[in-house]
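Open the model in a viewer and follow the stops below in order. Each stop says what to select and what is found there.

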Amino acid sequence: MDALKLIAQDSIKEEKPQLEVGDTVKVSVNIREGDRERIQMFEGTVIARRSSGVSETFTVRRVSYGVGVERVFPFHSPNVKKVEVVRKGHVRRAKLYFLRDRVGKAAKLREVIK
């Protein structure tokens with residue numbers, strides 16, 4: 001095994017969040033402001049997942065004050081403290097980029113009923 005894989009193996013979290021594209025999630029992110037740290041919540045819909053291993057990321061989108069905001073979070077980042085699934089969405093696509101063009105109720109996804 002080469003050195004790069006050994007270094008990456010140390011960075012991988014044991015508990016990876018179980019989320020799928022279409023889920024509504026709350027992501028707890030560690031924010032540094034000067035010498036202080038605080039945890040901020042970012043709630044939105046997962047519109048994409050990409051890559052695998054240590055570089056795996058997921059994109060979360062929400063609409064805040066009428067403006068669409070998207071953030072890309074690495075799964076294995078130490079700044080991502082917790083990912084909580086609020087509701088499961090029923091989707092038929094791997095990437096939900098079409099939600100960028102939709103506004104209001106048209107941007108809602110069906111919920112998976114168990």
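**Stop one: a pair at the chain's end strands**

Select Glu111, which counts as partly exposed at 45% relative accessibility (buried means under 20% relative accessible area, exposed over 50%, partly exposed in between, with a 1.4 Å probe and protein chains only). Its side chain meets that of Arg87 in a salt bridge, 3.6 Å from N to O (a side-chain nitrogen of Lys or Arg within 4 Å of a carboxyl oxygen of Asp or Glu). The pair links distant parts of the chain, with Arg87 in strand β5 and Glu111 in strand β7, 24 residues apart. Strands here are DSSP runs of E, at least two residues long, numbered from the N terminus. Arg87 is partly exposed too, at a relative accessible area of 28%.

This is a predicted model, in which local features need pLDDT of at least 70 and side-chain atom pairs count only at pLDDT 80 or more, while totals for chains, interfaces and linings use all residues. Residues are numbered from 1 along each chain as its sequence is written, and side-chain values use heavy atoms, with hydrogens and water left out.

The structure holds eight salt bridges. Go next to Arg100 and Glu70, whose closest N and O atoms are 2.8 Å apart. Arg100 lies in the loop between β6 (89–90) and β7 (110–111) and Glu70 in strand β4, so this pair ties together parts that are 30 residues apart in sequence. Then show Arg32 with Glu37, a salt bridge of 3.4 Å from N to O; Arg32 is exposed, at a relative accessible area of 58%.

**The nonpolar cores**

Which residues touch the most other members of the largest nonpolar core? Select Leu19, Val25, Val27, Phe58, Val60, Phe73 and Val83, out of 13 residues in that core. A nonpolar core is a set of buried Ala, Val, Leu, Ile, Met, Phe, Trp, Tyr and Cys residues joined through side-chain atoms within 4.5 Å. β1, β2 (36–50), β3 (57–64) and β5 (80–87) each supply at least two residues of this core, and β1 gives the most, with four. A second, separate core of six residues includes Ile47, Ala48, Leu96 and Leu99.

Centre on Phe73: not counting residues up to four places away in sequence, Phe73 touches Val27, Val29, Phe42, Glu56, Thr57, Phe58, Val60 and Val80 (contact means heavy atoms within 4.5 Å). Move to Ser28 in strand β1 (residues 24–33), which counts as buried at 6% relative accessibility.

**Two loop residues**

Ser51 lies in the loop between β2 and β3, and its phi is near 70°, a positive value in a residue other than glycine. Tyr65, in the loop between β3 and β4 (67–74), also has a positive phi, about 55°. Is Tyr65 buried or exposed? Tyr65 is exposed, with a relative accessible area of 84%.

**The pockets**

Finish at the largest pocket, lined by 21 residues, of which Thr45, Arg61, Arg62, Val63 and Ala107 lie nearest its centre. On a 1 Å grid over the protein atoms alone, a pocket is an open set of points where a 1.4 Å probe fits, with protein on both sides within 12 Å along at least five of seven lines; lining residues have an atom within 4 Å of a point. β2 and β3 each supply at least two residues of this lining.
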